[in-house]
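Rolling a probe the size of a water molecule over the atoms shows where empty space is left.

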Amino acid sequence: MPESTALLTDRYELTMLDAAVRDGTANRRCVFELFGRRLPGGRRFGVVAGTGRLLSLLRDFRFGEDELRLLRDERVVDAATLRLLEQYRFTGTITGYREGELYFPGSPVLTVEGTFAEAVILETLALSVLNYDSAVATAAARMSIAAGSRPLAEMGSRRTSEQAAVAAARAAFIAGFGATSNLEAGRRFGIPTMGTAAHAWTLLHDTEEDAFRAQITALGVDTTLLIDTYDIDRGVETAVRVAGPGLGGVRIDSGDLPVVAAHVRGRLDALGAPRTRITVTSDLDEYALAALAASPVDAYGVGTSLVTGSGSPTAQMVYKLVARQDSAGTWIPVAKASAEKATTGGRKSAFRTLSGGVATSELIRVADGFDTPHGSDHPDARALQTVLVDHGDIDTAFEGSEGVSAARAHHIAARAELPSRALGLSRSDPAIPTVYAAG
């Protein structure tokens, strides 16, 4: 990754900035909001992820010599804007939903307040991070619900780009997965890593038995042996013969998994290995996991479906200007009126109303004015927003491995508030309604 993240953006962010510098509106105070108009794929809830990553990227959002040279050589902006960008530092305030929080249509997931100049050019970076990470986290939460108490491992690195793989592992861990195969995700974010051997290991050796013996010698009898390179029945028998009844586990990566898993469980039990665990992989998604609920499976590994959002590869969030000051310094709510893309103007406070500890609505209070702080209290409701950046000062508690651990714990608590209908996997309306109220 480059040292600067400032060019991880669309050109039109900078051409807008350049025009605003020219006409004198660049320093107008503005409020931008990141939200989703709807939940993609008929999902019943969404999961916020990527906030900690965004804050780290924001710290490196600087225009150094290389970035300024490109903008000058490509004539993206003029000299006055180049001078502004040379000194660029985000000095505004960002509030938002905590990472791991649930969101619904209209939820103000992120609110960015600052001058037009410093806030508008964060649009692409904010959307690219939160749209992908939240899509993966939402898919991961659905898979976690389908898996129940059985552990899930993220194994999708080879199905996406190298940096997206790290982001996906992080988002999946926040939303309920217990481990990842990606070592960089383990290093950056403290996520437990796992992995033993692929089919290539078995094919490398003259016989399957040679491969199993070598793996056990290297990794111990508690390792997991991949038994479906050739014939599953022979694979099970060979695995138990080589490792003995204390074999840690076997992995199945092909076939009609409910049928095969039941057959393998029967063979393991008959061979005197009733405690040997069965892990299945092979293109799983939340629906396949639900279908395996009654099968004798102990753990799952999920790859392609997870890192592609299980059919919804983006959270479809947008970043819109919702309020600004006019030339006299008066705050004005602004909103789009486009068909099917209308927005609600005004700065917002968000709350989750509860009844007996169960979520009943997403209450969004639209502010009448902008000179008072965000509301933090509401009867019978939980405030959803927290300050992430205070006048340019980034709260480091949301970054790194500590931020990931806190987000994972928060997700567990937030998900426990969902009504039972939210746990369904079929396409449906959001689990709770979004309600707007004057603030």
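## Cavities and their linings

Leu39, Pro40, Arg43, Phe45, Tyr103, Ser134, Ala135, Thr138, Gly309, Ser312 and Ala315 line the second largest cavity. The model is predicted, with local features needing pLDDT of at least 70 and side-chain atom pairs counting only at pLDDT 80 or more, while totals for chains, interfaces and linings use all residues. Residues are numbered from 1 along each chain as its sequence is written, and side-chain values use heavy atoms, with hydrogens and water left out.

A cavity is a set of points, on a 1 Å grid over the protein atoms alone, where a 1.4 Å probe fits but cannot get out, and its lining residues have an atom within 4 Å of a point. Grid points are joined across faces, edges and corners, and a volume is the space filled by probe spheres set on the points. By this rule there are three cavities of 30 Å³ or more.

| Cavity | Volume |
|---|---|
| Largest cavity | about 70 Å³ |
| Second largest cavity | about 60 Å³ |

In the second largest cavity, H6 gives the largest share of the lining, three residues, and the classes are six nonpolar, four polar and one charged. Here Ala, Val, Leu, Ile, Met, Phe, Trp, Tyr, Cys and Pro count as nonpolar, Asp, Glu, Lys and Arg as charged, and the others, Gly among them, as polar.

The lining of the largest cavity, which includes Leu54, Ile94 and Val112, has nine nonpolar, no polar and no charged residues. Helix H2 (51-59), strand S5 (110-115) and helix H6 (123-147) each supply at least two of its residues, with helices (H or I, at least four residues) and strands (E, at least two) being DSSP runs numbered from the N terminus.

Key: On a 1 Å grid over the protein atoms alone, a cavity is a set of points where a 1.4 Å probe fits but cannot get out, and a pocket is an open set with protein on both sides within 12 Å along at least five of seven lines; lining residues have an atom within 4 Å of a point.
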